[in-house]
There are 4 protein chains.
Amino acid sequence: MGHSHLTNKILNDPLYGFIRLESPLILNLLDHPLLQRLRYIRQLGMTYLVYPGATHSRWAHALGAMHLMQNALDILQHKGYGVSQDDRLGALGAILMHDLGHAPFSHALEGFLIKDMPHEEISLLLMQDLNQAMDGALNNAIDIFENQHELPFLHELVSSQLDMDRLDYLSRDSFFTGVTEGIIGVDRILQMLNVHQGKLVVDRKGVYSIEKYLMARNLMYWQVYLHKTVLSAEYLMGHIIRRARECRIAGLNIQISEDLAIFLDNPPDSNDFRNNPELRSAYTRLDDAEIMVHLKTWAKASEPLLQHLCGQLMNRQLSRVTFSSDEPDPNRIHEAGLQEARRLGLDDYAIPYLAHAGIVQNAVYRPDHQPILIQDRQRKIQSLGALSDHAYCVDLLAERRQYTQYLPKTERP
Amino acid sequence: MGHSHLTNKILNDPLYGFIRLESPLILNLLDHPLLQRLRYIRQLGMTYLVYPGATHSRWAHALGAMHLMQNALDILQHKGYGVSQDDRLGALGAILMHDLGHAPFSHALEGFLIKDMPHEEISLLLMQDLNQAMDGALNNAIDIFENQHELPFLHELVSSQLDMDRLDYLSRDSFFTGVTEGIIGVDRILQMLNVHQGKLVVDRKGVYSIEKYLMARNLMYWQVYLHKTVLSAEYLMGHIIRRARECRIAGLNIQISEDLAIFLDNPPDSNDFRNNPELRSAYTRLDDAEIMVHLKTWAKASEPLLQHLCGQLMNRQLSRVTFSSDEPDPNRIHEAGLQEARRLGLDDYAIPYLAHAGIVQNAVYRPDHQPILIQDRQRKIQSLGALSDHAYCVDLLAERRQYTQYLPKTERP
Amino acid sequence: MGHSHLTNKILNDPLYGFIRLESPLILNLLDHPLLQRLRYIRQLGMTYLVYPGATHSRWAHALGAMHLMQNALDILQHKGYGVSQDDRLGALGAILMHDLGHAPFSHALEGFLIKDMPHEEISLLLMQDLNQAMDGALNNAIDIFENQHELPFLHELVSSQLDMDRLDYLSRDSFFTGVTEGIIGVDRILQMLNVHQGKLVVDRKGVYSIEKYLMARNLMYWQVYLHKTVLSAEYLMGHIIRRARECRIAGLNIQISEDLAIFLDNPPDSNDFRNNPELRSAYTRLDDAEIMVHLKTWAKASEPLLQHLCGQLMNRQLSRVTFSSDEPDPNRIHEAGLQEARRLGLDDYAIPYLAHAGIVQNAVYRPDHQPILIQDRQRKIQSLGALSDHAYCVDLLAERRQYTQYLPKTERP
Amino acid sequence: MGHSHLTNKILNDPLYGFIRLESPLILNLLDHPLLQRLRYIRQLGMTYLVYPGATHSRWAHALGAMHLMQNALDILQHKGYGVSQDDRLGALGAILMHDLGHAPFSHALEGFLIKDMPHEEISLLLMQDLNQAMDGALNNAIDIFENQHELPFLHELVSSQLDMDRLDYLSRDSFFTGVTEGIIGVDRILQMLNVHQGKLVVDRKGVYSIEKYLMARNLMYWQVYLHKTVLSAEYLMGHIIRRARECRIAGLNIQISEDLAIFLDNPPDSNDFRNNPELRSAYTRLDDAEIMVHLKTWAKASEPLLQHLCGQLMNRQLSRVTFSSDEPDPNRIHEAGLQEARRLGLDDYAIPYLAHAGIVQNAVYRPDHQPILIQDRQRKIQSLGALSDHAYCVDLLAERRQYTQYLPKTERP
């Protein structure tokens with residue numbers, strides 16, 4: 001029968017080589033339209049405008065994170081912390097589905113399509129839909145995702161400061177951007193995982209690998225995730241969607257698909273989204289292609305600001321983003337926006353779309369929020385930051401805010 | 001001034017590391033909308049349905065092929081075959097633009113949007129548009145592309161059985177699919193290049209690398225380019241577009257963008273395309289996203305066959321493709337299509353969309369058509385196939401035809 | 001207790017990452033002096049004179065081959081061909097020990113230290129010594145090595161045309177030489193292994209990987225194993241040892257260690273070696289360092305020919321090797337040797353050490369000797385060469401002889 | 001003539017691919033016996049006992065560092081800091097020769113064979129010998145090595161906290177040990193190099209790469225260079241040589257080669273070494289093989305302590321090393337040594353060879369000693385540690401001392 005065939009299904013991954021789909025449940029999940037949608041959302045949004053190789057999909061990331069979960073569970077089993085087959089499938093399912101709720105071009109559009117609903121909550125709702133469709137087969141996965149499972153380390157493998165999500169995305173993003181310094185020693189980190197009183201811990205001799213993982217994470221933030229050109233494109237994408245909504249509300253004639261109109265014309269809040277399965281259907285039909293096609297169309301729109309903004313993105317004529325530790329001068333920003341608006345023959349309403357100030361945060365590691373725990377040979381536990389040698393490192397990597405300025409290229413400081 | 005700044009522009013590539021954009025001309029070309037469009041066409045169409053990492057763009061390929069061209073020219077210069085700066089830029093420009101004419105989802109749609117016009121000819125037309133826009137700066141590049149340059153080896157580096165196009169795409173496709181066996185020794189092959197009477201030749205000691213390159217190419221054909229599931233998706237995409245055209249011609253109401261309508265409602269021929277710049281504009285606005293969004297829309301169309309086919313693709317419910325060396329039995333195929341049509345409640349018109357026979361060709365190496373030339377230490381030239389040791393290999397890899405059958409999964413032989 | 005600790009022992013390998021030593025038996029074997037000796041014999045003899053990275057040891061190869069064996073057995077278990085823990089350890093032990101009998105600088109010295117005894121037989125004798133010392137713990141391993149185990153595929157994994165030995169050494173030699181084209185798709189090949197009536201077979205869809213593996217093997221032969229400079233160094237090493245023996249027999253005063261003297265003064269035959277454990281002890285104290293130190297010493301010897309030959313090797317002043325398909329002209333070779341002897345002020349006895357003819361064989365694949373078997377979906381078995389598409393390839397790669405000439409660099413054809 | 005042929009000589013490196021020997025001078029240097037000797041000294045001494053792949057030679061490292069120098073000079077040339085061909089060859093020569101003076105098993109034997117003479121001084125003496133033999137062709141290289149060249153950045157590329165030596169050895173040691181986390185972004189670091197008033201500086205945007213390079217260096221220290229088992233083997237090697245000297249001085253009969261006897265019987269000081277070319281000849285005939293063969297011989301010596309120590313090393317029966325931040329208790333160490341001596345039937349003289357305390361230092365980065373300089377866009381220069389964000393990192397990585405204990409495995413705390 002089909003079962004034994006399915007369990008030998010293998011996929012090729014450029015990072016890890018062969019990935020085994022070890023159960024029909026996994027195969028069914030991966031084939032489900034809610035998962036298939038992740039094939040059409042890039043992991044790194046518009047980062048390909050800076051790093052041309054970075055076109056990898058969220059689907060490939062989900063698959064990769066599942067592979068790391070398989071390895072982590074195997075290693076913990078070798079160390080005497082085996083879990084039941086049900087719990088194993090639960091953990092694999094949870095990590096596969098952890099990103100279900102992401103919007104297209106995540107950072108740029110999240111919080112805008114649905115009011116006040118973080119993507120984790122959207123993911124959870126969609127998991128519950130999926131669970132219903134699959135007759136409760138995902139109960140365990142959902143428990144693990146929600147941290148209601150009796151083995152807390154399973155949740156920590158899905159979501160913590162050392163979870164399979166982060167290990168995969170750091171590795172994968174390094175690989176596809178070609179920023180090789182982001183490469184981390186995933187294999188070694190996995191080998192160093194252990195369990196103490198149900199919690200995930202790291203063996204003492206793995207602490208240099210953890211430190212290096214945090215430094216790699218730091219580097220990837222500044223080199224990739226918060227790269228100025230990437231930020232500029234994301235700000236621009238946000239402006240475009242905001243301007244499109246304004247146009248719709250103002251009754252201007254711009255082309256739009258039915259699905260996107262739902263979220264632009266009258267943005268649902270989390271209650272609407274929770275109660276209305278139709279909304280969820282529409283949301284899960286949105287993907288990167290849908291947005292890109294709108295941008296191409298609007299680049300020919302009659303509304304001049306929307307047209308201008310879309311043209312900027314399509315032709316990669318991006319504005320300049322700069323960082324500063326001091327708050328930017330609002331007058332200078334207004335002035336720059338004003339001049340650009342004049343140059344383009346646009347009225348004052350265009351100013352905030354052409355120049356603005358912002359803030360970015362870079363929380364490589366939060367020492368106070370469920371820190372990474374280190375276990376020494378005597379099974380004594382300390383948080384990473386409490387190890388005297390490593391406190392500096394932890395301090396260095398703690399949350400950091402930077403002001404940003406988004407200014408027309410024509411403006412010169 | 002800006003010039004010296006521009007020439008230090010560097011891009012990151014996951015395969016080759018840093019790629020230097022050595023001149024403002026190159027930078028301007030890469031930024032031009034006709035090139036930028038290649039960011040939105042995947043190099044391998046729907047291959048990501050089988051190899052999830054294979055989402056790399058034609059733009060990244062063009063960039064990579066340019067990098068190999070830089071290396072090849074440097075190596076030939078070391079061997080005493082330096083070229084002028086103009087010819088160098090010409091060769092770099094030609095390889096950057098060689099794929100301009102590709103349609104979205106190339107194999108599936110080519111020859112269908114424009115009648116009787118191979119993509120090389122479309123590329124040439126678009127290059128000429130570009131050249132006009134850039135005041136003749138691409139004259140040299142076009143001469144090289146058309147093999148009208150006085151140094152034939154420059155054209156051969158752009159287009160031959162050992163060109164930078166092939167070297168890059170084999171390497172890149174291996175890398176992103178994770179089919180590591182397709183990896184070829186690009187560096188060694190480049191080191192073995194030489195020039196003899198203006199023609200590109202390979203030094204004798206490079207012959208094993210060439211042989212291995214051909215075997216890798218052979219492997220990539222069967223493992224990737226002609227993978228049965230990839231073929232199935234491409235056939236399906238072709239059916240969808242053909243059915244959409246039928247619907248349009250029959251006046252059925254299906255949603256379509258203006259740009260795509262131009263090519264579906266009344267396909268232009270090469271003359272139209274040559275004479276009508278508007279057609280070329282529309283063509284170059286088409287990309288993968290445009291097609292995918294149509295598929296999502298048509299998956300909800302009222303026309304049942306189109307709806308069914310699009311649903312198949314979106315949900316990855318692909319039909320089965322098998323190979324055979326004998327011509328398939330038309331009766332069996334018709335019968336399979338008929339049964340599937342009945343199962344779906346469709347009339348006979350649906351049959352050829354549900355089951356059909358086809359042919360694929362796999363020309364790894366054409367011994368008779370501008371063969372790869374080998375130069376021994378005495379500078380004697382022989383074609384690869386004429387070397388007694390290697391004749392078998394050449395024979396093995398020569399053109400091969402296979403019949404294919406495309407059948408519903410429900411059908412069992 | 002110690003057991004569970006031991007089974008978590010992990011080693012780092014540059015090719016495969018972490019390698020798990022899954023049992024105390026494996027750990028004890030690896031630590032035994034007979035295995036430790038392999039740390040001091042390079043896998044590729046003097047190939048580092050051409051490829052500077054190729055200093056990897058036979059010990060690392062044994063470890064790597066064991067790792068591939070672990071993977072192969074895991075994969076076969078997934079396909080329903082699990083073996084008992086005893087058989088598993090037997091297979092791992094057999095592959096770990098398969099190279100025990102190698103002499104230092106293998107190709108150069110083998111067949112010379114002990115008359116008429118291939119290294120496989122020496123390996124077997126040493127395994128039996130080891131087995132005695134370990135109270136019969138290696139019975140199973142020896143049965144598998146000798147092909148007397150009831151599951152023939154276990155022997156085939158140790159020794160056949162597709163064994164773990166070859167898969168590892170091709171990969172490892174590619175890696176350390178930097179001849180990346182020798183890289184083979186080990187993971188894919190392992191995934192394609194299967195068992196049919198107790199014999200090792202390859203699934204049909206793996207045939208392109210096998211073909212590519214054979215082409216890589218072919219390339220490695222010509223690019224590395226039979227590289228002219230490597231051959232020249234090996235011939236020279238053979239000459240040195242032969243000349244040293246002559247000197248010893250002639251009673252000339254040259255420094256020599258006790259252990260080496262045993263094998264030079266009066267070379268034992270296989271009977272001596274079988275019956276005299278002292279001989280085996282002396283043999284297993286010989287390693288690359290022992291030979292190199294003799295060469296350094298003899299480079300200052302009073303005997304002029306020996307001095308000259310050792311100086312050639314130490315200072316990398318190697319003679320020229322050329323290939324030909326026709327038998328070389330003995331007169332020309334004699335004349336070249338004679339002139340070189342005169343140049344060096346040496347008598348005629350030196351001639352054959354300065355110029356000679358030889359033969360090399362390159363058996364990439366033997367179609368008639370236990371061919372690789374391919375299994376199609378209907379579980380029908382064919383030999384690789386019998387598949388119509390692939391017969392050419394097999395033919396191409398079959399045994400090939402070439403004549404060699406070894407001539408002083410001063411000689412010009 | 002030969003010149004143009006030589007300049008196309010290419011070597012294969014597993015890390016960097018092809019390395020071009022760009023001038024006959026380079027080729028002659030690499031072929032010289034003083035350089036060839038580095039083929040026979042492993043870069044990482046006995047680290048292969050822990051990381052089996054780490055058998056790479058100092059010769060391969062010298063070659064790799066030269067390759068990075070070529071790249072660095074090319075990049076600086078692109079930025080407007082080209083140097084003359086003479087200076088280029090000087091820099092290449094200096095980096096090729098920078099390790100000439102290393103003793104076999106460097107850390108273990110250095111400072112012991114020649115009294116009070118660091119290896120850099122030995123290198124310089126040998127360079128001067130070489131220069132004489134090559135008629136002054138290395139004047140420029142020696143000036144650069146000694147920091148007497150008018151372009152200080154050339155010296156800094158050879159020897160500083162960001163020199164090509166470190167960049168290559170970190171990369172190479174990571175590669176061959178398989179400790180992939182030690183991999184650094186060499187290409188990116190090289191791209192970020194610049195020159196300011198003749199000094200080497202790093203462009204501001206490269207600072208994260210520098211930070212990551214330092215973290216990788218830190219990791220490599222604890223994971224590889226100061227790995228407890230590696231330290232244990234190095235301590236043991238030191239004990240062996242020290243014990244052998246005692247035996248020689250006491251007139252005990254142990255076998256020894258003429259060359260090694262020179263350095264054991266009556267160790268020369270730097271004056272002797274400077275004035276006596278014979279001493280330098282003897283020194284440069286010592287290599288790893290010479291030492292290993294002595295160890296094998298002494299493992300059968302009649303002197304019981306020497307025999308025991310050599311047996312420990314040959315059979316990898318290593319003592320236990322532990323770290324502590326507090327000074328170890330001398331009584332406990334003495335007691336442990338005493339018990340082990342008794343167990344072995346040895347008198348008290350053996351105690352310090354069986355247990356001792358030591359200190360290791362790990363200076364990843366010295367903020368006060370010629371710090372790495374960072375240049376911002378306005379060409380303002382700051383030291384790495386003065387950048388507010390990065391002060392912590394610098395602090396973290398500054399010099400650190402640890403006490404070590406070397407104790408018999410039988411001892412339990």
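N147(D) is partly exposed, with 13 other C-beta atoms within 10 Å; here a residue is called buried if 20 or more other C-beta atoms lie within 10 Å of its own, exposed if 12 or fewer, and partly exposed in between, with C-beta atoms placed from the backbone. This is a predicted model, in which local features need pLDDT of at least 70 and side-chain atom pairs count only at pLDDT 80 or more, while totals for chains, interfaces and linings use all residues. Residues are numbered from 1 along each chain as its sequence is written, and chains are lettered from A, with ligands numbered from 1, in the order in which they are written.

N147(D) sits in the loop between α8 (139-145) and α9 (152-158) of chain D. Helices (H or I, at least four residues) and strands (E, at least two) are DSSP runs, numbered from the N terminus. The phi of N147(D) is positive, near 60°, and this residue is not a glycine. Most residues other than glycine have a negative phi. Another case in chain D is Q197(D), also not a glycine, with a positive phi of about 50°. Q197(D) is found in the loop between β3 (193-196) and β4 (199-203), and this residue is exposed, with 9 other C-beta atoms within 10 Å.

Over in chain A, helix α2 (residues 24-31) has I26(A), L29(A) and L30(A) as its buried residues. Looking down the axis of α2(A), these fall within an arc of 95°, so they line one face of the helix; the arc is that of the directions from the helix axis to the C-beta atoms. The buried residues of α2(A) pack against α3 (33-36) and α5 (85-97) of chain A.

Next come the chain contacts, where two residues are in contact if their C-beta atoms, placed from the backbone, lie within 7 Å. Chain B and chain A each bring 33 residues to their contact. On the chain B side, two or more residues come from each of β1 (10-13), α3 (33-36), α4 (58-78), α10 (164-177) and α17 (288-298). The largest share, five residues, belongs to α17(B). Sorted by class, this side has 16 nonpolar, ten polar and seven charged residues; Ala, Val, Leu, Ile, Met, Phe, Trp, Tyr, Cys and Pro count as nonpolar, Asp, Glu, Lys and Arg as charged, and the others, Gly among them, as polar.

As for chains C and D, their contact takes 33 residues from each. In chain C, the elements giving two or more residues to it are β1 (10-13), α3 (33-36), α4 (58-78), α10 (164-177) and α17 (288-298). With five residues, α17(C) provides the largest share of the chain C side.
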